[in-house]
Amino acid sequence: EYMYNNETELSTIRDVANRNYKDTVFRAVFKDKKELLTLFNAVNGTDYDNPEELQITPLDNAIYLSMKNDISCMIDMRLDMYEHQSTVNPNIPLRDLHYVSRTYSTMTRNEDIYTPKLIKLPNPKFVIFYNGKDEQPAIKDMRLSDAFYREEENPSLELVVTQININPGYNDDLLDKCKSLKDYTVYVSLVREYLKEAPLKDAIEKAVDDCIRDDILADFLSKNKAEVISMCLFEYDEELHRKSMMAY
């Protein structure tokens, strides 16, 4: 495990991450509309080619600071909500229910929902990109109804989240359609490999340098090296905290 040099370093890392609303490398990479459109096309089997037509649909952070999804975007009345997870979380469908409800509320705030006229909504899709260490299938569906106290054959309310395993050896067809997503999986794998013999900070720096050299997220990492290291240290700190909490 990486031991922070001192409390000042840990505090600085947290401050940087919090200023970017706990940004992750995954979220930072796909802030670029061009990259996000490529991911959208890969997930949906579409061929949209104008990134400017892609609309980012973030939640209102000022109201729900603790409920920010990774990526939410829309094009041609298709609304996709993406989460990146390194741990298995069975509550993602409930979280996505909150996310999509707030997003629809924002979209229809100027509409009269009591009118006889039907208000049309974009079709939602909920996806988790999973790259944790726990064994998971290539693809699995997680349902909101799994959390219901009483099991019903046809629940009145349902929300399905598709978890896509992006660890090496899984879903290669999808990764081949989106180079940045594939590069991201390589980067994470390198960090984990180097962690076997080096402290966390050294492992991250070596992985970043190797990726830049080998044209893996090279442009993004070259421009954002310091921020990426800070974000990664924070991510691993958060992951360790979650795992320690799950032990109780």
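Helices (H or I, at least four residues) and strands (E, at least two) are DSSP runs, numbered from the N terminus. Keep in mind that this is a predicted model, in which local features need pLDDT of at least 70, side-chain atom pairs count only at pLDDT 80 or more, and totals for chains, interfaces and linings use all residues. Residues are numbered from 1 along each chain as its sequence is written, and side-chain values use heavy atoms, with hydrogens and water left out.

Let us start with Glu 158, which sits in the loop between β5 (139–143) and β6 (160–165). Glu 158 counts as partly exposed because its relative accessibility is 32%; buried means under 20% relative accessible area, exposed over 50%, and partly exposed in between (1.4 Å probe, protein chains only). Not counting residues up to four places away in sequence, Glu 158 touches Arg 143, Leu 144 and Ser 145, where contact means heavy atoms within 4.5 Å. With the side chain of Ser 145, the Glu 158 side chain makes a polar contact of 2.6 Å. A polar contact is a pair of N or O atoms within 3.5 Å; within protein, one must be able to donate a hydrogen and the other to accept it, and residues adjacent in sequence count only if both atoms are side-chain atoms. The side chain of Glu 158 also reaches the backbone nitrogen of Leu 144, at 3.2 Å.

Next, find Asn 167 in the loop between β6 and α5 (172–177). Is Asn 167 buried or exposed? Asn 167 is buried, because its relative accessible area is 12%. A polar atom of its side chain lies 3.0 Å from the backbone oxygen of Gly 132. Leaving aside neighbours within four places in sequence, the contacts of Asn 167 are Tyr 130, Asn 131, Gly 132 and Arg 192.

Now for a pair of helices. In α6 (residues 179–194), Tyr 187, Leu 190, Val 191 and Tyr 194 meet Ala 203, Ile 204, Lys 206, Ala 207, Val 208, Asp 210 and Cys 211 in α7. By class, this contact has nine nonpolar, no polar and two charged residues; Ala, Val, Leu, Ile, Met, Phe, Trp, Tyr, Cys and Pro count as nonpolar, Asp, Glu, Lys and Arg as charged, and the others, Gly among them, as polar.

Finally, look at two backbone angles. Most residues other than glycine have a negative phi. Met 77, in the loop between β2 (71–75) and β3 (78–85), has a positive phi near 60°. Leu 217, in the loop between α7 and α8 (218–223), has a positive phi of about 50°. Met 77 is partly exposed at 41% relative accessibility, whereas Leu 217 is buried at 7%.
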